[in-house]
Amino acid sequence: MNLQELEEQSGQPARLIRFLIGEEVIPGPTGGRRFASYGEDHLRALAIYRAAKAEGIESLEVIKARIEAGSLPSVHEIAPGIELRIEEGSVADIGAFVEAVRKLASESKGEK
């Protein structure tokens, strides 16, 4: 895909994409300047960037490390106003873990 298609699919403006490439936060395109091509790895990197920014992370170094690790956290609501973000591969059984945390949260509120 070209830059315009990447912009449309990722929801990020081309100017930001070029900036992130220049800062080496996301990988550069293949095919050189005139025939620049972007793929799924660029979409994933931009999704990780967007998720990190939504968490309030401002450091490009931290975001770059997340992109290099390829980790997109899954988000689970534990209780109203409480979300749990779990990095891929950090918990063997995410479903059981989330349920255990929900149980602890409800017990701490005095619910059974």
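Mentor: Contact here means heavy atoms within 4.5 Å. The model is a predicted one. We can start with His42, which is found in helix H3.

Trainee: With which residues is His42 in contact, leaving aside its neighbours within four places in sequence?

Mentor: With that exclusion, His42 is in contact with Leu6, Pro27, Gly28, Pro29 and Ser37.

Trainee: Why is His42 called buried?

Mentor: The relative accessible area of His42 is 3%. Buried means under 20%, so His42 is buried.

Trainee: Which residues of H3 are buried?

Mentor: They are His42, Leu43, Ala45, Leu46, Ala47, Ile48, Tyr49, Ala51 and Ala52. Their cover includes H1, H2 and H4.

Trainee: Arg44 also lies in H3. Why is Arg44 called partly exposed?

Mentor: Arg44 has 33% relative accessibility. Buried is under 20% and exposed is over 50%, with partly exposed in between, so Arg44 counts as partly exposed. Leaving aside neighbours within four places in sequence, Arg44 is in contact with Gly70, Leu72 and Glu88. Arg44 and Ile67 are 23 residues apart along the chain, and their C-alpha atoms are separated by 8.1 Å.

Trainee: How do you know that the span of H3 agrees with its number of residues?

Mentor: The expected span is 1.5 Å times one less than the number of residues. For the 15 residues of H3 this should give 21 Å, and the end C-alpha atoms are 21 Å apart, so the two agree. Just after H3, Gly56 takes a positive phi of about 95°.

Trainee: Which residue has a positive phi although it is not a glycine?

Mentor: Glu24 does, with a phi of about 60°. Glu24 sits in the loop between H2 and H3.

Trainee: What makes Glu24 count as exposed?

Mentor: Glu24 is at 55% relative accessibility. Exposed means over 50%, so Glu24 counts as exposed.

Trainee: Glu68 lies in helix H4. Why is Glu68 called exposed?

Mentor: The relative accessible area of Glu68 is 60%. As the cut-off is over 50%, Glu68 is therefore exposed. From Glu68 to Ile48 the C-alpha distance is 9.9 Å, and the two are 20 residues apart in sequence.

Trainee: Why is H1 called roughly perpendicular to H2?

Mentor: The axes of H1 and H2 cross at roughly 105° and come within 9 Å. Angles of 65 to 115 degrees count as roughly perpendicular, which makes H1 roughly perpendicular to H2.

Trainee: Which residues meet where H1 is in contact with H2?

Mentor: From H1 there are Leu3, Leu6, Glu7 and Ser10, and these meet Ala14, Ile17 and Arg18 in H2. The residues of this contact divide into four nonpolar, one polar and two charged.

Trainee: Arg18 is found in H2. What makes Arg18 partly exposed?

Mentor: Arg18 has a relative accessible area of 48%. Exposed would need over 50% and buried under 20%, so Arg18 is partly exposed. The C-alpha atoms of Arg18 and Pro29, 11 residues apart along the chain, lie 10.0 Å from each other.

Trainee: Which residues touch the most other members in the largest nonpolar core?

Mentor: That core has 19 residues, and Leu6, Ile17, Leu20, Ile26, Ile63 and Ile67 touch the most other members. At least two residues of this core come from each of H1 (3-10), H2 (14-22), H3 (40-54) and H4 (60-69). H3 supplies the largest share, six residues.

Trainee: Where is there another core?

Mentor: Another core, of five residues, lies apart from the largest one; Ile78, Leu84, Val98 and Ala105 are among its members.

Trainee: And with which residues is Leu20 in contact, leaving aside its neighbours within four places in sequence?

Mentor: Leu20 is in contact with Val25, Ile26, Leu46, Tyr49 and Leu60, those neighbours being left aside.

Definitions and conventions: Residues numbered from 1 in each chain as written. Predicted model: local features only at pLDDT ≥ 70, side-chain atom pairs only at ≥ 80, totals over all residues. Heavy atoms only, no water. Core = buried A, V, L, I, M, F, W, Y, C linked by side-chain atoms within 4.5 Å. Buried < 20%, exposed > 50% of the residue type's maximum accessible area, 1.4 Å probe, protein only. Helix = DSSP H or I, 4+ residues; strand = E, 2+ residues; numbered from the N terminus. Axes fitted to C-alpha atoms, helices over the stretch in contact; angles between N-to-C directions. Parallel < 35°, antiparallel > 145°, perpendicular 65-115°, else oblique. Nonpolar A, V, L, I, M, F, W, Y, C, P; charged D, E, K, R; others polar.
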